[in-house]
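Here are my notes on the model you asked about. Keep the structure open while you read.

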Amino acid sequence: MEGNKTIATSVQASDDWKFSELEYKRVDYKQFKKQLLGILKRFKAAKTYEEARAVYMEQEQLTKAPFTMNVIAHIRNTLDKTDKFYDEETQYNQKSLAMLMPAEKKLYSALLKTPFRGDFEREFGRQMFVNAELAEKTSSIKIIFDMIEESKLKNEYTKVAAKCKCTFMGEECNFYKLLAYMENPDREIRRQAMIEWAKLYEGVAPALDEIYDKLIKIRVRMAKKLKLKGGYTELAYMNKGRVDYKPADVAKFREQVLKVIVPAVDRMKREQARRIGVDKLKYYDENFVFPDGNANPIGGEDVLVPIATRMYHELSGETGEFFDFMVKHGLLDLETHAGKHLGGYCTQLADYKAPFIFSNFNGTMADVGVLTHEAGHAFQGYVAARCQTLSANMHSTSEINEIHSMTMEHFTYPWLKDFVGEAYAKKAQFAHVVDALSSVPYIVAVDEFQHRVYEKPSMDAKERRAVWSEIEKKYMPWRDYDGIEFLENGGFWMQKQHIFLYPFYYIDYSLAQICAFELYGRMKEDKDRAWEDYLRLCRAAGSKGYFELLEVANLSNPFREGSVEKAVRHVIDEIERNSEKFRA
C-alpha cells in the first residue's frame, strides 16, 4: 500500500506492467544504510577480486530499488504539483538521500583504496574511479543540511512556476499554452500572448528572486565548506562530472560562438523579418517562421505516438524495439494540464530497465521535438541498461547525453512529413535547423550569466537583470521586447528553469549541438556510417570520459579552435540556400 515504510527490494518485473500501476513504497533509509554499511565491511575484507566483485555487484543490486522508488515519487510529483502525498514523499526522499552521504562517502573511499582497482579497471574501465573520486571530493557531512535546504527551495520553485496561469483568448493558459499562441499567424495575438506571458513572470518575479537569492547563498556556502578555491563554479563543475575541461575552456567556446554563429543568426533573423513581412522582428515574432504560419503537428498524443512508433520501426530494429517497450509499459506522459510541472525530461527506472518521458504538449513543433529529443535520451538509456553492467557506467555527463537527444532529432527528418503532412515537411525541417542553430547563442548567454552570477554572488535582483541585459545584447543583438519594461530590463533570464534547478547545466546543449551538427553533416554523406557512430556512442554510455567518448563516435573536440566553424558551416550554408524558398 502506498506510503508503507519498508525496505524496497529489487523486482524481477513480469512483462505485464504499466507505470501508472507501479506500487510506490516508502523506503526505510535507516535499514538501507545499515545494509550498505554491511556490504562496505565485506567489501573491505575481500581477499580476492572475485569476492570483491561479487560484493560490489550486490551493492549495485541493493541500490536499484530505493532509487527506483525515488524516481517513481519524483515523476508522480511532477505530474501533479498539487498532490500533497507525492510532494511530501519527494521531500522525504531528498532529505533521506542527503543523509546517506556519509555512508556513500565511505563506499567511494573503499572503492578508491581497493587493492583490486586494476582488476576492476580492466573489466569495467577507469571511469568508475573518476566518478568515485569526484563524488568523494564533493561529499561531506558539513553540507548535508545545505543540500536538504537547496532541495526544498528547488521544490518551492517548481510549485511557484506550476501555479502560474491566466485566461487568454477564453482559455486557461500556463506558460506553455501562451508560447503556443506566440506562433499564431495573427501578429497582434502573438503580441498579446507575450504581454500575458511577461505579466505571469513579472507577477512571480519577487518570489523567484527571493528563491534564487537563497539558492545562491546556500551554494556558495557549500563551496566554502568544501574549501574550493574556485567557489561554487568549481563545485558545480565537479557535480557535473566535468574533469576534461575548465571554465576557461568554456569561455573560449563561447568566443567561437560569438565569432561564427551570432553573425549568421543575426542575418537569419533579418531574413526572417523580410519573410514574414515585418519591419523589425520582435520577440513574439521569433518563433513565427513562415508568412502563412508554422508547420504544426497534425494531432496530439493519440495521433503522434502511433506515428512515432512506425517511424522508430523504420529507422532501425533497435529503435523499433525500444519504442514498443515505451508504449507497452505506459512510459510517456506528454499532454500539459493544470498543476503539471513545466518543461520536459527523461529519467530512468533502474529496477525495470525503463526510461520515462515527461512533457507538456502544446500543439506546436515542440511536441514532435519531444518524440525525438527526449526519445533520444530514452533510447540511449534503454540501450545502456541492456549492455552496461554498472550503474556508474550507465549514463555519461550531460554534454554527451545531449548528443544522444539532439542527433536523434536530425535522424528523424525523413519522417517529418508524417507528423506535419507532406506539404509542410520541408518547412518543418528548415524551421528545426534554424532553431537548432539559433538556440546556441541563447544557450551560451545563459552559461555566461551563471558564471557572472557566481563570480559576484552578492548581486541583488536588479544587478542580475542588468547583467542579463548586457549579455543578451552581446549574444542576441536582434532581440527586441517591443517596449515591455520587465523584459527590456533583464527579466527574461528567470524563465530558464535550469538556472534554478540544474546550475551550470545549459552549456551542455551547445557543446552537444555542435557535435550533433557534425553527425548531421555525416548523415548527408553516409547515413549508415553516421548511425553506426551514433549507436556506438549510445552503447558506450558513461563507460569513458568526455573526450574519449567523442573519439568513440569519431567526433571533433568542440573546444579546439576552428571546430565550431567546421561543424556548423554546412548548416549555415543549408539555411541560407533554402531561405529564399520560403519568402512570401
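The points below go from the whole chain down to single residues.

1. **The chain overall.** Bear in mind that this is a predicted model. The protein chain has 24 helices and seven strands. Its radius of gyration is 24 Å, close to the 25 Å that the globule rule gives for 584 residues, so the chain is as compact as a globular protein of that length. Along the principal axes, the C-alpha trace spans about 75 × 50 × 50 Å.

2. **Burial and surface.** How much of the chain is buried? Of its 584 residues, 60% count as buried. The accessible surface of the protein chain comes to about 24,300 Å², and carbon and sulfur atoms make up 50% of that surface. As for contacts in the chain with a separation of 6 or more, 75% of them are between residues 24 or more positions apart.

3. **Helix 4.** Helix 4 covers residues 101–113.

4. **Helix 14.** This one runs over residues 365–387, 23 residues in all. From first C-alpha to last, helix 14 reaches 33 Å, close to the 33 Å expected at 1.5 Å a residue. Even so, have a look at Ala375: a kink of about 35 degrees in helix 14 is centred there. Helix 14 is mostly covered, with 19 of its 23 residues buried.

5. **Helix 15.** Residues 398–411 form helix 15, which has 14 residues. Its reach from first C-alpha to last is 20 Å, close to the 20 Å expected at 1.5 Å a residue. Is helix 15 largely enclosed or exposed? Since 14 of its 14 residues are buried, helix 15 is largely enclosed by the rest of the structure.

6. Met408 sits in helix 15 and is buried, with a relative accessible area of 0%. Setting aside neighbours within four places in sequence, Met408 is in contact with Tyr312, Leu315, Thr319, Thr372, Gly376, Phe379 and Tyr534. Met408 and Glu58 are 350 residues apart in sequence, and their C-alpha atoms are 35 Å apart in space. His410 is also found in helix 15 and is buried at a relative accessible area of 2%. Which residues does His410 touch beyond its neighbours within four places in sequence? They are His432, Gln513, Ala516, Phe517, Tyr520 and Met523.

7. **Arg479.** Arg479 is found in the loop between helix 18 (461–475) and helix 19 (485–488). Is this arginine buried or exposed? Arg479 counts as buried because its relative accessible area is 15%, and the cut-off for buried is under 20%. Its side chain is joined to that of Tyr481 by a polar contact of 2.9 Å. Neighbours within four places aside, Arg479 is in contact with Tyr283, Glu286, Glu472 and Phe492.

8. **Gly293.** Another loop residue to check is Gly293, between helix 11 (247–276) and helix 12 (301–315). At 4% relative accessibility, Gly293 counts as buried. Leaving out neighbours within four places in sequence, Gly293 is in contact with Pro185, Phe288 and Lys427. Gly293 and Asn70 are 223 residues apart in sequence and 43 Å apart in space, C-alpha to C-alpha.

9. **Positive phi without glycine.** Lys227 has a positive phi of about 60 degrees although it is not a glycine. Lys227 lies in the loop between helix 9 (187–225) and helix 10 (231–239), and is exposed, with a relative accessible area of 69%. For Phe504, phi is near 70 degrees, again a positive value in a residue other than glycine. Phe504 lies in the loop between helix 20 (497–501) and helix 21 (507–525), but is buried, with a relative accessible area of 0%.

How values were computed. Residues are numbered from 1 along each chain as its sequence is written. This is a predicted model: local features need pLDDT of at least 70, side-chain atom pairs count only at pLDDT 80 or more; totals for chains, interfaces and linings use all residues. Side-chain values use heavy atoms; hydrogens and water are left out. Helices (H or I, at least four residues) and strands (E, at least two) are DSSP runs, numbered from the N terminus. Buried means under 20% relative accessible area, exposed over 50%, partly exposed in between (1.4 Å probe, protein chains only). A polar contact is a pair of N or O atoms within 3.5 Å; within protein, one must be able to donate a hydrogen and the other to accept it, and residues adjacent in sequence count only if both atoms are side-chain atoms. Contact means heavy atoms within 4.5 Å. The expected span of a helix is 1.5 Å times one less than its number of residues. The bend at a residue is the angle between axes fitted to the seven residues ending there and the seven starting there. The radius of gyration is taken over C-alpha atoms; the globule rule is 2.2 Å times the number of residues to the power 0.38. Accessible areas come from the Shrake-Rupley method with a 1.4 Å probe; for residues, only the protein chains shown count as cover.
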